[in-house]
Amino acid sequence: MNRIGTIVVGFLLAIVLAASTLYVVDQRQFAVVYALGEIKEVISEPGLKIKLPAPLQNVVMLDRRIQTLDSPESRPIFTAEKKSLVIDWLVKWRVTEPRQFIRNNGVDIRNAENRLAPIVQAALNEEVTKRTVGAVLSTEREKVMQGVIRRLADDAKSFGIEVVDVRIKRVDFSANITESVYRRMESERKRVANELRSQGAAESEKIRADADRQREIIVAEAYRDAQKLKGEGDAKASALYSESFGRDPQFAQFYRSLDAYRATFRSKSDVMVLDPSSDFFRVMRGAPAASSGKK
């Protein structure tokens, strides 16, 4: 039993010893081996590695992937036109010299970002102050980012890192300038709207006047045609009357008398109904009036 216990204890000690001497290096990391507080070796090749047991040697892993640093705060930057701009940016960087990086920043990447952010902001200020707003926004935006990368090259080497890329995410005016720009845009839009309304009102008046003119022309032409037709009808009626009266003068005299007789009454109810055998029609036909029956 004592022999079995000794074997078990020896096996456990071997496991502990192996665990303290063996470590795995990932392809996404640097392995920094410390020996009594000093950097002894930096391993970049992935795989299973061996070291002395702690505390003789310790291993610290350092991320070698590309890191992203966003602008921690947006400060106004003045352009060559003395216009205030607020620029949001980001920086892509990675560790290239682990020894240099650890000496300057330790093993915490946040320390490097805290030191790098004001340097990036200063380099951006120097590039923006040489250019106008239009250049920063469109024509020379790429030049601004490349200029920042060049200015960061020396500082990046001293940090043991490499700046891969610098990008401007957003460019805006400061709050007071933005408000004035919005007010100016609003007044401009109102001016355009009022101009369009006035043009529309003028066009509507023009259309209305043209419609009134066309109506007057149509009414006048219709009245002219109506009077022309009426005149032609009156002329034909007069010709027919003349022809009829010329054929039978006695009938014409009768028609005139009957028309005058009818005109003396105010309404149709006042018109007397004459018997065709009455003396009136006998006289009109040239016959003697009938006797009254008295001798």
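Because the model is predicted, local features are reported only at pLDDT of at least 70 and side-chain atom pairs only at pLDDT 80 or more, while totals for chains, interfaces and linings use all residues. Residues are numbered from 1 along each chain as its sequence is written, and side-chain values rest on heavy atoms, with hydrogens and water left out.

Helices (H or I, at least four residues) and strands (E, at least two) are DSSP runs numbered from the N terminus. Strand β2 covers residues 29-35, and five of its seven residues are buried, so the strand is largely enclosed by the rest of the structure. Here buried means under 20% relative accessible area, exposed means over 50%, and partly exposed lies in between, all with a 1.4 Å probe and protein chains only. Strands count as paired if DSSP finds at least two bridges between them. By this criterion β2 runs antiparallel to strand β5 (residues 57-63), to which it is joined by seven bridges; within this pairing, Tyr34 has Asn58 as its bridge partner. Strand β2 also pairs with strand β3 (residues 38-43), again in the antiparallel sense, over five bridges, and Val32 stands opposite Val42 of β3. Two residues separate the strands of the β2 and β3 hairpin, in which Leu36 adopts a positive phi near 55°.

Another positive phi, about 65°, belongs to Lys82, although Lys82 is not a glycine. Lys82 sits in the loop between β7 (76-78) and β8, and its relative accessible area of 67% makes it exposed.

On the surface, Leu22, Val24, Leu48 and Ile50 make up a nonpolar patch with about 420 Å² of accessible area together. The elements contributing two or more residues to the patch are β1 (22-25) and β4 (47-50). Patches are built from residues with over 30% relative accessible area and no salt bridge, joining like charges within 9 Å and nonpolar side chains (Val, Leu, Ile, Met, Phe, Trp, Tyr) within 5 Å; the areas come from the Shrake-Rupley method with a 1.4 Å probe, and for residues only the protein chains shown count as cover. Leu48, which lies in strand β4, counts as exposed at 58% relative accessibility.

Turning to the helices, α3 (residues 109-128) contains 20 residues and spans 28 Å from its first C-alpha to its last, close to the expected 28 Å. The expected span is 1.5 Å times one less than the number of residues. Helix α3 has a kink of about 25° at Leu116, shortly before the proline Pro118; the bend at a residue is the angle between axes fitted to the seven residues ending there and the seven starting there. The buried residues of α3 include Leu116, Val120, Leu124 and Val128. An α-helix has 3.6 residues a turn, so residues three or four places apart point the same way.

A kink of about 45° is centred on Ala153 in α5. Among the buried residues of α5 are Val144, Val148, Leu152 and Phe159. Gln146, also in helix α5, is partly exposed at 33% relative accessible area.

Salt bridges were searched for across the whole structure, and 22 were found; each is a side-chain nitrogen of Lys or Arg within 4 Å of a carboxyl oxygen of Asp or Glu. One of them joins the side chains of Asp88 and Arg170 at 3.1 Å, N to O. Asp88 lies in strand β8 (residues 84-95) and Arg170 in strand β9 (residues 161-173), so this pair ties together parts that are 82 residues apart in sequence. Asp88 is buried, with a relative accessible area of 13%, whereas Arg170 is partly exposed at 39%.

Arg131 and Glu127 also form a salt bridge, with their closest N and O atoms 3.0 Å apart, and both residues are buried. A network of salt bridges links Glu126, Glu127, Lys130, Arg131, Glu140 and Arg151. In helix α6 (residues 175-247), Lys190 and Glu186 are four residues apart, about one turn of the helix. Their side chains meet in a salt bridge at 3.7 Å, N to O, and Glu186 is partly exposed, with a relative accessible area of 34%.
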